[in-house]
Amino acid sequence: MKWIKMELKTTTEAVDLVGAMLEELGVEGIEITDFVPLSEEDKRKMFIDILPELPPDDGSAKVSFYLDTDTDIEALKAKIAEGLSELRQFVDTGSGELTVSETEDKDWINNWKEFFKPFRVDESIVIKPTWEELAEKRPDDLVVEIDPGTAFGTGAHETTKLCIKSLKKHVKPGIAVLDVGCGSGILSIISRLLGARYAAAVDIDPAATGVTVENAVVNGLSVRLCDKDVNGIPVFTGAADGIEVADGNVLEDEALRAALGSASYDIVVANILADVIIPLSGIVREFMKPDALFISSGIINTKREAVEAALLENGFEILEVNVQGDWVSITAKASAQA
């Protein structure tokens, strides 16, 4: 099956009204392309350390949408032109130029799955997509099943591999782990499978919490999405043999930090970005038990020195620095004299 793609040139000022107009005409979903700079909140939700350079924002935007091939295109174009004419009384709608093309039927959201295959993190930890079969399994293999959905975290990236290897080295039976920026939940899940009695998983992206719950269930683990109190604060119980999951911004939400509990965790792991790890190093000690470890990753090599400096400034002793490709993971411990 093929689809008709329509692309409408407009302005960033008008995209909301144009979207509403298209919805009234029966268009069920749109894609917006513009050059509006990312807000600080958007940047914190991005899962790359080096953001793409965008052209200057000239106020232009494109709205794309897809239609069945039996759609009366000429009639729809006439209705869109009429709608734009009405909107121009209130807002600059730009040129309103429409282009029409034909595209193949594709599952854009799930197409990447054909490239995600089972792989070994090391000699005994195997990451397996939930939809794939494992061709070879050794007797002592720890197999972790993952479907990242729309959340970040297949385990294939160097930063995640570095974290997994550090967790394998340092997780002991009975410990508690805090996973900041949990994504697909892969680090929380592996911590529990390695013997941790409890893991708390937090992510700024609400989509990640549902994915984490689903992946924990697939791996046979007890998991719960935290209830919230009357003030909307997640309630963590610290119940043994489980994973508790909540969305929120640890850096900005003091109430969330209080809910997670002070001096409650033996390991805090954060596979995020250097620009998040740097401020996180200033508050993470409040979660950590004496002698706890802070494992951080997602650090591009050009920002290694800045992260190390932040850790030292905030009273950490750097125990290990591991490198894979262009990426760095740092394991640190609170200094005794801090």
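A residue is termed buried when its relative accessible area is under 20%. By that criterion, five of the five residues of strand β8 (residues 176-180) are buried, so β8 is largely enclosed by the rest of the structure. The structure described here is a predicted model. Its chain has nine helices and 15 strands, and 44% of the 338 residues count as buried. Of the contacts in the chain with a separation of 6 or more, 65% are between residues 24 or more positions apart.

**Strand β8 and its partner**

- Burial extends to both faces of β8: Ala-176, Leu-178 and Val-180 are buried on one side, and Val-177 and Asp-179 are buried on the other.
- Strand β9 (residues 198-203) runs parallel to β8, and five bridges join the two.
- Within this pairing, the residue of β9 that stands opposite Leu-178 is Ala-200.
- In general terms, the strands of a sheet pair through backbone hydrogen bonds, in either a parallel or an antiparallel arrangement.

- An open sheet with mixed pairing is formed by three strands, in the order β5-β6-β7.
- Its edge strands, β5 (119-120) and β7 (142-146), each pair on one side only.
- Helix α5 packs on this sheet and touches β6 and β7, and the direction of α5 makes about 150° with that of β7.
- The pairing of β5 with strand β6 (residues 125-129) is antiparallel and comprises two bridges.
- Phe-119 has Ile-127, in β6, as its bridge partner.
- Helix α5 (residues 186-193) is itself largely enclosed by the rest of the structure, because seven of its eight residues are buried.
- The buried residues of α5 are Ile-186, Leu-187, Ser-188, Ile-189, Ile-190, Ser-191 and Arg-192.
- Just after α5, Gly-195 adopts a positive phi of about 125°.

**Helix α3**

- Helix α3 (residues 73-87) contains 15 residues and spans 21 Å from its first C-alpha to its last, close to the 21 Å expected at 1.5 Å a residue.
- Its buried residues are Ile-73, Leu-76, Ile-80, Gly-83, Leu-84 and Leu-87.
- These residues cover an arc of only 100° around the axis, which places them on the same side of α3.
- The exposed residues Glu-74 and Glu-82 are carried on the face of α3 turned away from its buried side.

- Most residues other than glycine have a negative phi.
- Ala-263, although not a glycine, has a positive phi of about 50°.
- This alanine, Ala-263, is located in the loop between α7 (254-260) and β12 (265-271).
- Ala-263 counts as partly exposed because its relative accessibility is 45%, a value between the limits of 20% and 50%.
- Asp-291 is likewise not a glycine, and its phi is positive at about 70°.
- The position of Asp-291 is within strand β13 (residues 288-300).
- With a relative accessibility of 60%, Asp-291 counts as exposed, since the threshold for that class is over 50%.

- Glu-158 belongs to helix α4 (residues 158-170) and is partly exposed, at 28% relative accessibility.
- Glu-158 and Val-323 are 165 residues apart along the chain, and 8.7 Å separates their C-alpha atoms.
- Leaving aside residues up to four places away in sequence, Glu-158 touches Gln-324 and Trp-327.
- Asn-271 lies in strand β12 and counts as buried, with a relative accessibility of 8%.
- The C-alpha atoms of Asn-271 and Gly-183 are 9.0 Å apart in space, whereas the two residues are 88 residues apart in sequence.

**Cysteines**

- Zero disulfides are found in a search of the whole structure.
- Cys-163 is buried, with a relative accessibility of 0%.
- Cys-226 is also buried, at a relative accessible area of 10%.

Conventions:
Residues numbered from 1 in each chain as written. Predicted model: local features only at pLDDT ≥ 70, side-chain atom pairs only at ≥ 80, totals over all residues. Heavy atoms only, no water. Disulfide = S-S within 2.5 Å. Buried < 20%, exposed > 50% of the residue type's maximum accessible area, 1.4 Å probe, protein only. Helix = DSSP H or I, 4+ residues; strand = E, 2+ residues; numbered from the N terminus. Pairing = 2+ DSSP bridges. Contact = heavy atoms within 4.5 Å. Axes fitted to C-alpha atoms, helices over the stretch in contact; angles between N-to-C directions. Expected span 1.5 Å × (residues − 1). Arc of directions from axis to C-beta.
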